[in-house]
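The following explanation leads from the protein chain as a whole to the surroundings of its ligands. Please keep the sequence and the coordinates at hand while reading.

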Amino acid sequence: MKVTQSAGPATSSASAASTGPVGSEGIFPAVCSLDCPDQCGLLIHKKDGKIVRIEGDPAHPVTQGAICNKVRHFGERLYDPKRLQYPMKRVGPKGHNQFERISWEEAIQTITSRWKELIAAEGAEAILPYSFYGNMGYLGTEGMDRRFFNRLGASRLEYTICSAAGSVGYGYTMGGSFGTDPEDTIHAKLIVMWGINAVSTNMHQVMLAEQARKQGAKIVVIDVHKNQTGRWADWFIPIQPGTDAALALGLMNIMFAEQMVNEDFLRQYTIGHEELREHVKQYVPEVVSSITGVPVEDIYSLARLYGQTTPAFIRIGNGPQHHDNGGMCIRTIACLPALTGQWLHKGGGTIKGNGAYLDPNSTALQQPKLRKHKTRSINMNRIGSALLELEPKLRSLYIYNSNPAIVAPEANKVRQGLQREDLFTVVHDLFLTETALYADIVLPATSSFENTDFYLSYWHHYAHLQQPVLEPYGESKANVDVFRLLARGMGFDEQAFQDTDEQIIEQALDNPRNPYLSNITYEALAKQLYMKAAVKPLFPGKLNTPSGKIELVSKAMERRGHPALPTYIPLVHDGDLPFLFIPGPNHNFLNSTFSNNEKHIKLEKKPKLHMNAADALPLGICHGDLVRVSNHRGECRLTISVGEDVLAGVVVSQGLWADAPNGKALVNALTPDRLADMGGGATFFSGRVQVEKC
Ligand SMILES: Nc1nc2c(c(=O)[nH]1)N[C@H]1C(S)=C(S)[C@@H](COP(=O)(O)OP(=O)(O)OC[C@H]3O[C@@H](n4cnc5c(=O)[nH]c(N)nc54)[C@H](O)[C@@H]3O)O[C@H]1N2
Ligand SMILES: Nc1nc2c(c(=O)[nH]1)N[C@H]1C(S)=C(S)[C@@H](COP(=O)(O)OP(=O)(O)OC[C@H]3O[C@@H](n4cnc5c(=O)[nH]c(N)nc54)[C@H](O)[C@@H]3O)O[C@H]1N2
Ligand code: SF4
Ligand SMILES: [Mo]
């Protein structure tokens, strides 16, 4: 069978919606819409109008035909009998799963009339959109939705739950989310996976690293947990959580002392190298070792390995930045490649995120000028507190692309907030999520394969276009189309709400401020479906930092109250409980997505807590015991896995498990909603807990 472009008209506008006929047999190109750096090219095999197989597109230059197990089984999610098919309204108490089918007309009418009343009585700031990247398509996450809430004048959401602290920190050093081209990393001779569980969360970086390894590259993993990425490494370095900046500074100390730095590069392309050279002398290996738990000999070995290998590539993960000191930590690690001038070598450098290369025209996309008044903004990490404490009160939440009842910190506060009788909540999702159980109105969402949208990877350099390859499931609708209906219901008649999908994509890709995007237009993308940005090496060149250079010393940081030089700052004291708790994602779910899917649950078996044998023994805890994990914020129950894969004093769980309504495996019941040092980021991994046998 040949690869068919979607047979239906790729157009979808307010009136035509995305309901054109789509081919019922054949192989259709697609892109994975999940919040995953890899953003794979896919081929969708259809028979009798249904998906029978999903595979990777072998022609895709980065993902090369390989995809993860999660998406290989995506069909089971699409055709899951639990999938929402029509709008519903709540007919019982909140959280009790009592809903009744209604029409779209009634749903839109109920929402818009309620909002009109609210706006008249209390102002539009009483309404808050809450969303994230359950589907990475721009039209539905940063397009029509943003236009709508700007026009409404609703309270604004700060999108801080994922990588905010690290991105801000990285930006201080490098001027934005600009890093190495992942395709070049096959040339690296040393690859350091720093706080990233890449085997689970960035599998194509692992594939590229394997290619490099065949050419002699060595792979080092620095993590608090020897998970499958640690087991895959040539050298695994366990570290105490939240101490990575100290390790990076210790490496710099040795690299300067042993003259392993590239003085020319430092002079030409950095500022502050002389101050840094002096500053890092305090990070003597013995001190660094006592902070990080990394033996002194290993600190020397790593410094010499990194300082003497070219090209050396560091992939920085999300783990180290989900801490109180996460911004400074990433800012610090990001300085390392400058010391030896790794940016001059193909495959050298680092990636924290690469989103800036594909930055669209967000002004055209989101149309901030539709907002007539200045409005308050609310940090999404504090949604629980916001619902319970904020004045003037939030009276309505519109939730889409996200499942805050499971993914947000201080989950007990979030539930208590969602429980409020006076809060009018709308949830738009493919499933009746734990969050949707608290909704007054539930709206069914199409999957990304049913929509037109464009996708911009935050790791590789390709833009993708998705044209519909499936008919909408039941009465479900795309985010874009629901916001068009809501706009009409509210009586908004601006052109912004008349624009077709194609027009919005055109506007968004036309970004005069981003030269890397200059070759990508809607027209070209519609023909080719994926295209690489016009990237070039960062050096020689000028960065977007105030000095145009890599800022080893940053005045901008100083102005915002941070030390201007990279610095190790200990975690905030989170009480005296014995264990630091690291509840990260798992292999077979994507955040909480798939946690309601039997196949994926079976692959994960059950929610576990990894503990060092030396900690388990005095507590009388044995491998396989059910334990109660608790602190002043809440508790959850997990099955213990005793071993040597975490350091003493640290416990690690994996996966955001759905467990409504009793929330027994809800790890976020324990996590703090403190904000990180930069960007208002999340601190999921800086909370302390106690553990006891149930
Ligand atoms: N299979 C799968 N893939 C995913 C996701 C998923 O849920 N499942 N989620 C997607 C999303 S939204 C994101 S943001 C990314 C996240 O993926 P990653 O960037 O891999 O981030 P995490 O898995 O949160 O944490 C990475 C590692 O950091 C470690 N860690 C925690 N604290 C520290 C520390 O202080 N220092 C060091 N050195 N290590 C530490 C953890 O043990 C973990 O192994 O993955 C994406 N891909
Ligand atoms: N303890 C702990 N908590 C964490 C993390 C952690 O590591 N540890 N990681 C954090 C991180 S990095 C992230 S990014 C967040 C992620 O948190 P979320 O963004 O909430 O991610 P998901 O849990 O995958 O929920 C996405 C939801 O969007 C829905 N959805 C998918 N496509 C569409 C669509 O087209 N339209 C609509 N309306 N809905 C759609 C899905 O069905 C799903 O219910 O979680 C954070 N929470
Ligand atoms: S979740 Fe990630 S690895 Fe899996 S198919 Fe999607 S983009 Fe590829
Ligand atoms: Mo994330």
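The structure is a predicted model. Its protein chain contains 26 helices and 27 strands. The radius of gyration of this chain is 25 Å, close to the 26 Å that the globule rule gives for 694 residues, so the chain is as compact as a globular protein of that length. Of the 694 residues in the protein chain, 64% are buried.

Ligand 1 is surrounded by 31 residues, and the closest are T201, D223, D244, F589 and N591. Several polar contacts can be located around this ligand. Two of them involve the protein backbone and a nitrogen atom of the ligand: a backbone N or O atom of S200 lies 2.9 Å from a nitrogen atom of ligand 1, and a polar backbone atom of F589 is 2.7 Å from a nitrogen atom of ligand 1. The side chain of N227 also takes part, with a polar atom 2.9 Å from an oxygen atom of ligand 1. Taken alone, ligand 1 exposes 900 Å², of which the protein buries 94%. In terms of domains, at least three residues of the shell come from each of domain 2 (180-352 + 539-559) and domain 3 (579-693).

Attention now turns to ligand 2. Around ligand 2 there are 34 residues, with S402, D429, P583, S592 and T593 the closest. A polar side-chain atom of S402 is placed 2.8 Å from an oxygen atom of ligand 2. The side chain of D429 has an N or O atom 2.6 Å from an oxygen atom of ligand 2, whereas H428 contributes a polar backbone atom that lies 2.8 Å from a nitrogen atom of the ligand. Taken alone, ligand 2 exposes 920 Å², and the protein buries 96% of that. The strands β16 (424-429) and β22 (579-584) each supply at least two residues of the shell around ligand 2. The shell comprises 15 nonpolar, 16 polar and 3 charged residues. Domain 1 (88-161 + 362-523) and domain 3 (579-693) each provide at least three residues of the shell around ligand 2.

Notes. Residues numbered from 1 in each chain as written. Chains lettered and ligands numbered in written order. Predicted model: local features only at pLDDT ≥ 70, side-chain atom pairs only at ≥ 80, totals over all residues. Heavy atoms only, no water. Near = heavy atom within 4 Å. Polar contact = N/O pair within 3.5 Å; in protein donor to acceptor, adjacent residues only side chain to side chain. Areas by Shrake-Rupley, 256 points an atom, 1.4 Å probe, with all protein chains shown as cover. Helix = DSSP H or I, 4+ residues; strand = E, 2+ residues; numbered from the N terminus. Nonpolar A, V, L, I, M, F, W, Y, C, P; charged D, E, K, R; others polar. Domains from an automatic or database assignment. Rg over C-alpha atoms; globule rule 2.2 N^0.38 Å. Buried < 20%, exposed > 50% of the residue type's maximum accessible area, 1.4 Å probe, protein only.
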